[in-house]
Structure formats: structure tokens, C-alpha cells
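Please view the sequence and the model together before continuing.

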Amino acid sequence: MSFSERQTHFFRAFLEVVVPEANEDVVGVADRMVSSKPAAIQKKMRLFMFVANILPFFRFFRTFPSLSVQKRERFLRWLATGPVGLFRLGFWGLRSVALLAFYGDEGSWKGLEYGGPIVDRPRRLDLPVDPYDTLGDA
Amino acid sequence: MSSPEYDVVIVGSGAGGGTIAKRLAPLIEKGLRVALLESGPRYDRTYFNQREADMQSLFWEGGAWLNPEGTLQMVAGRMLGGSTPVYTGVTFKLPDDVCREWNVPTLTVEDLAPRFSRLKEEVGAAELPPERINKNNELFAAGAEACGMKTIKLEINVRGCKGYGFCNLGCASGAKQSTLEVQIPSAEEAGLEVIHNCHVRRVEDGRVHAEVLRAPEGSTPNERPEGKISLSARFIVVSAGACSTPALLAASQLPNMSPTLGRFFTVHPSLTVNGTHPEIVDSHLNFPKAYYVDDFSKSHDVYLETAFYYPGVTAKNIDGFGVEHLRRMKKYRHMMAIILLNHDAATYENRVAAEPGTGRPVLEYQLSEASIRSLVQGQREAARVFFAAGCTEVYVPSAPDGMITRDQKDDIDQLVTVERYQKGRIISSSAHPQGGCRMGTDASDSVCDPYGVVHGQPWLRVADASLFPKSSHVNPYLTVMALSDRVADRLIDDLA
């Protein structure tokens with residue numbers, strides 16, 4: 001498990017706006033995807049989620065998950081196209097995770113009338129080792 | 001820690017390392033001791049299940065290796081075969097004018113021509129038969145020709161392609177003539193020793209320091225125990241690709257290295273854009289790439305090629321989020337796709353560095369204003385092709401809300417603008433890293449000589465795209481093989 005309880009809460013609220021059709025399974029897929037990233041990338045994603053979670057408090061006196069869907073959407077549009085490059089980067093990066101988790105998984109394929117793989121082969125869920133995170137100093 | 005002895009250790013198993021291994025095969029049969037080390041696992045073709053969520057494991061950093069400024073994500077294979085099992089099979093020879101522009105002594109059009117012919121034969125590179133060309137490609141050709149563009153057929157390195165598609169997730173039938181299928185098995189038959197999951201941390205004169213990592217489930221088990229390993233070798237050939245080779249050399253802290261180590265790194269920044277057609281296109285079926293257009297190469301440094309991506313990557317490439325994004329994605333089966341490739345300038349500032357301590361490659365690449373202008377022009381030209389092919393909506397990220405409708409098709413140049421290429425929001429991708437160990441004659445402005453010998457280190461050779469002094473303009477696979485063939489020539493002479 002990569003997401004903490006607070007991060008999971010944030011990501012669910014994010015997903016509700018960004019990919020409205022996503023269900024709870026997508027949270028688990030996204031969590032797995034994030035956990036396979038190098039430690040430094042995971043740290044940046046967590047930092048973005050922390051900032052995006054509390055930033056609305058300074059305007060709406062509520063954290064991100066406590067906002068209405070409309071206000072969450074307005075806030076995310078500001079992050080997505082606003083003047084702060086790091087916020088844009090964080091938003092579009094987390095959006096990529098959400099979209100890959102949703103559309104990369106067969107739960108979404110029926111809605112697209114997409115038949116999925118041509119070959120019938122087992123799932124491959126074991127992730128390789130990132131050598132740079134695993135090993136010590138060169 | 002074990003310490004076997006080899007004549008040659010090859011680090012990396014992609015187009016460069018595979019070519020070296022195959023060239024050494026006749027000598028291996030006669031007793032030359034050669035090991036090929038690959039950081040990634042060994043998968044065979046039955047591992048490739050065409051599911052993008054699962055197959056992220058085939059790539060460094062899950063297929064999204066970001067530069068620090070967040071404008072580019074590198075896609076590089078991490079398995080036996082390097083990137084060759086997961087690229088589309090496009091096989092270009094280096095254009096003659098680019099070869100002359102490189103201006104590397106002895107590297108001439110005449111020197112390369114017979115190598116290209118032989119190597120193309122080896123990997124079966126040819127135009128696709130008509131039955132392999134899918135609807136996306138047919139529509140692209142019709143649209144481009146209606147716009148007055150000249151479409152050219154790509155040469156693809158497949159033998160007996162069954163049209164399974166999903167080529168960028170590994171070829172499920174083994175038809176793609178990657179080093180995993182061709183060069184490595186051939187050299188293994190001769191006696192090459194392959195050590196997969198073997199991550200090299202440092203090289204020095206006569207020695208390679210590495211570590212054998214855990215083999216993931218479903219991959220070929222390790223023959224050696226996990227843990228540190230040290231191999232002695234007369235010659236070391238580093239073929240870890242243009243992201244990893246410069247970083248490995250930097251992490252090795254070799255004496256008297258050129259100040260250009262890691263520099264002049266280019267990537268062919270690219271964008272994949274889509275248009276929705278009234279008819280079902282199903283661009284994921286059959287072979288995804290058959291045509292390209294180079295009409296804008298000289299004027300705007302950009303190529304247009306046909307493309308295909310699965311739903312997750314397509315969703316990521318299409319601008320927006322929420323209900324409107326969902327509406328666009330519902331048309332997935334109607335989508336055409338074009339990839340735009342910019343041949344970017346090689347500059348001293350763009351480089352690959354090694355992270356202190358770990359040696360992890362850091363891609364210190366800044367997307368230039370010139371590249372942004374190229375990618376914007378590419379989006380405009382792709383939009384014209386989509387509409388000429390009959391599309392009703394076009395999704396290009398530098399348009400307002402990332403979309404142009406058919407009734408706006410006469411305003412493409414006004415709608416798709418450089419100002420709307422917002423960094424951070426638009427992330428280009430790259431599968432063609434080049435440079436970082438550029439060839440030349442002088443150590444003050446190059447890392448290797450024209451035959452891949454690292455200046456001042458006669459025991460150390462480089463054989464991959466990091467040798468390129470500037471962009472190759474075209475997909476680099478065959479050029480990497482041809483340069484590696486030259487590296488093998490010199491190595492074989494030196495072994496004698």
C-alpha cells in the first residue's frame with residue numbers, strides 16, 4: 001500500500017471529478033501504479049496531494065475532499081491551467097495516474113466497446129525491482 | 001563475490017549490445033569468452049499479455065521517466081532486448097544529409113550503405129504487405145494526400161507478422177525482429193553467456209561491478225545467486241542506451257573523461273494526437289504503423305507518423321478531465337492517431353547526469369522554444385490530415401480546451417498556437433534518446449572516437465545511440481545497429 005488513509009481519501013475525491021465513472025477498484029490500481037514508481041517520484045506525488053488537499057482551506061475554509069464536486073472541479077481547473085508550474089505538473093501527473101488506472105483496466109473497456117487484448121494470457125502483476133532504489137551507494 | 005574472467009563484457013542488450021554480441025558470435029564459437037549483462041528481466045514472447053497496466057513493468061520507471069522540469073517523459077524498455085522488444089519496428093537508415101552534417105571522420109554514406117543493407121536483411125526490414133495495413137493508416141494516407149502531402153511507406157522489421165497489434169507492449173507472436181528474438185539467441189547458440197537482472201553500477205579498467213537482482217514472477221529465473229558480482233574483462237562495451245550509458249560512465253568516475261560526457265543529449269520530443277472519424281477505425285487492430293510524412297522536416301523539424309495507443313495512454317494524451325473527457329473517450333474506437341516527432345537540436349546544456357550516490361540517470365533536458373514551435377506546427381498539420389480524412393473532431397493539446405471541431409477547420413493556424421503550449425500541462429514523450437557520448441576526434445568536444453573507443457580508455461567502448469553527435473532526425477534503431485557494427489569492427493581488430 002502506497003497511499004496513506006488521508007491520501008486515499010484525497011484521491012477518491014480527485015477521481016470523482018477527474019474520472020467520474022471510476023469506482024473503488026481504480027483507487028487500488030492507482031495505488032499499485034504509484035508504489036511502482038521510484039521513491040523520489042512517489043515523494044513528489046505525496047507532496048502534491050498534501051498541498052492540493054489543504055490549499056482550498058485558504059479560500060473555502062474546507063479541505064479538498066470536503067468541497068462540493070463543483071468547487072472541487074473549479075479548484076482543479078485553477079491548478080491545471082494556473083500560473084504555478086509545479087501545481088500544473090502535479091495535477092497533470094496525478095491525472096495521468098487516474099486515467100491510466102481507469103482506462104488501463106478492463107473495468108472501463110465495456111464502456112468504450114473496446115475488446116481488449118487479442119491474445120488470452122494471464123495477468124502479470126509482479127513488478128520488477130528498481131535497481132537505484134534497492135541498492136545502496138554505487 | 002564471484003570473479004569470472006571474460007575477454008569481452010557487454011553492458012546492455014538493445015540494438016547496440018545485441019549487434020555487438022552477434023558480430024562476436026563466430027569468435028565465441030572459437031573460444032572467445034563473452035558475457036552480456038542486462039539490468040532488466042528476461043521475458044519471452046508468451047509473457048506479453050497486451051494489457052497496458054501489466055506491461056508497465058517492461059519499462060524504466062513504468063514508462064514515464066520524467067525530466068526534472070516535467071516537460072518530457074522518456075519511454076525506455078528495461079528487459080533483455082532493451083527497447084527493441086517494445087518499439088514499433090520502424091527501420092530507417094540514417095539520411096545521407098544527416099550523415100554528412102554529423103561530419104564524423106570515416107563515418108560516411110559509403111561506409112554505412114553496405115552495413116544498412118546487411119542489417120536490414122538480418123532483421124527482415126521491408127514495407128508491410130497490404131493485408132497488414134489498418135484503417136488508421138489508410139485514412140492517414142488518404143488525408144495526407146488530400147492535403148498535398150507526400151506519404152511514404154515505412155519499413156518494418158517483422159517476419160511473419162500476424163497483425164496482433166499492441167507492438168509497444170511486446171510482440172506477442174515474436175514476429176518483431178528484436179534483439180530478444182534475433183541477435184541474442186543467435187549469439188547464445190555460439191556460446192554467449194547472458195546474465196539478466198544484472199545491474200551494472202561501475203566499470204573500471206579490466207573490471208565490471210554489478211549486482212544480480214530478484215527475477216520477477218513470470219520471467220526467466222536467475223542462474224546466478226542474487227547479490228554483488230564482479231567480472232573481469234579485457235574489453236568492456238557499454239550499450240545501455242543514451243540515458244544510462246553516459247550516467248554509468250559518469251558514476252564510474254573514470255580519469256580524464258571528456259567534459260562533454262552526458263552533453264548534447266537529444267530526444268526527438270513527440271506528441272501523439274487524435275481525431276475522431278464517423279466510422280469505426282479500431283486502430284489497435286492489425287499493424288499500427290505503415291506511413292510517414294517528411295514534408296515538414298526541413299521547414300519545421302517535424303515528422304508525422306501513424307500511431308496507435310491503447311485506452312489508458314490515449315486518455316492521457318487527450319486534454320481535459322471530467323464529463324467532457326469521458327465524452328471524448330467514448331469515441332475511442334473511432335479514433336485515428338498520429339505521432340509528431342521533432343528532431344531537436346543538440347546543445348551543450350541538455351545532458352544526462354548521474355545522481356550522486358545511486359548513479360541513477362537524471363535527464364537534465366529542457367524543451368526548447370524551437371521544439372515547441374515544431375510540435376505546434378506538427379499539431380496543425382496533423383489536424384489538417386485528420387479533417388481531410390473525414391474526422392469530425394480533432395484533439396490537439398495546443399488548441400483551446402484541446403479540441404478543434406470540424407466547423408473550425410479553416411481556423412487551425414489561429415487556434416493551435418505556441419502560447420497554448422503550456423509547460424507542465426502538455427508533456428511530450430520520447431522513445432529516441434540520443435547523444436551524451438558523442439563521437440569525434442578530440443576529447444575536448446567528444447567522448448568517443450569514430451569507432452566508439454572512449455578517448456583515453458582503450459579498454460572501454462560505447463555502442464548505442466549515445467554515440468550520435470546530433471539528432472538522427474529519424475527513428476534511430478538501424479543507425480544504432482550500423483554504428484555498433486563499426487564498433488565491432490574495431491573491437492575484433494583489437495582482440496586479434
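This is a predicted model: local features need pLDDT of at least 70, side-chain atom pairs count only at pLDDT 80 or more; totals for chains, interfaces and linings use all residues.

By class, nine charged, eight nonpolar and four polar residues make up the lining of the second largest pocket. The volume of this pocket is about 390 Å³. Its lining comprises 21 residues, and those closest to the pocket centre are Phe92(B), Pro95(B), Tyr292(B), Tyr303(B) and Val474(B).

Which helices of chain B each supply at least two residues of that lining? They are α3, spanning 96–102, and α8, spanning 297–300. In terms of domains, at least three lining residues come from each of domain 1 and domain 2 of chain B.

These two domains deserve a description of their own. The domain assignment of chain B places segments 1–124, 170–265 and 433–496 in domain 1, and segments 126–158, 270–343 and 368–422 in domain 2. Taken over C-alpha atoms, the centres of domain 1 and domain 2 of chain B are separated by 31 Å. Contact between them involves 21 residues of domain 1 and 20 residues of domain 2. The area buried between these domains of chain B is about 1600 Å², with carbon and sulfur atoms giving 49% of that area. On the side of domain 1, Glu52(B), Thr88(B) and His473(B) lose the most area to domain 2, together accounting for 32% of what that side buries.

How many salt bridges are counted between domain 1 and domain 2 of chain B? The count is two. Elsewhere in the list of charged pairs, the side chains of Asp97(B) and Lys298(B) meet in a salt bridge, with an N to O distance of 3.3 Å.

The account now turns to the partner chain. The secondary structure of chain A consists of eight helices and zero strands, and the pattern along its sequence is accordingly written α-α-α-α-α-α-α-α. Along its principal axes, the C-alpha trace of chain A spans about 50 × 50 × 25 Å.

Chain B and chain A share an interface in which 63 residues of chain B are in contact with 52 residues of chain A. The area buried between the two chains is about 5400 Å², of which 59% is given by carbon and sulfur atoms. Within chain B, the residues that lose the most area to chain A are Arg51(B), Phe321(B) and Arg360(B), which together make up 14% of what that side buries.

Charged pairs also occur across this interface. The structure holds 43 salt bridges over all chains, and six salt bridges are found across the interface of chain B and chain A. Arg360(B) forms a salt bridge with Asp130(A) through their side chains, at 3.4 Å from N to O. Another salt bridge brings together the side chains of Asp54(B) and Arg123(A), at 2.7 Å from N to O. Why does this pair join two chains? Asp54(B) lies in helix α2 of chain B, residues 52–55, whereas Arg123(A) lies in the loop between α7 (109–112) and α8 (131–134) of chain A, so the pair joins two chains.

Conventions. Residues are numbered from 1 along each chain as its sequence is written. Chains are lettered from A and ligands numbered from 1 in the order in which they are written. Side-chain values use heavy atoms; hydrogens and water are left out. On a 1 Å grid over the protein atoms alone, a cavity is a set of points where a 1.4 Å probe fits but cannot get out, and a pocket is an open set with protein on both sides within 12 Å along at least five of seven lines; lining residues have an atom within 4 Å of a point. Grid points are joined across faces, edges and corners, and a volume is the space filled by probe spheres set on the points. Helices (H or I, at least four residues) and strands (E, at least two) are DSSP runs, numbered from the N terminus. Ala, Val, Leu, Ile, Met, Phe, Trp, Tyr, Cys and Pro count as nonpolar, Asp, Glu, Lys and Arg as charged, and the others, Gly among them, as polar. Domain bounds come from an automatic or database domain assignment. Contact means heavy atoms within 4.5 Å. Buried area is the accessible area (1.4 Å probe) that two parts lose on being put together, summed over both. A salt bridge is a side-chain nitrogen of Lys or Arg within 4 Å of a carboxyl oxygen of Asp or Glu.
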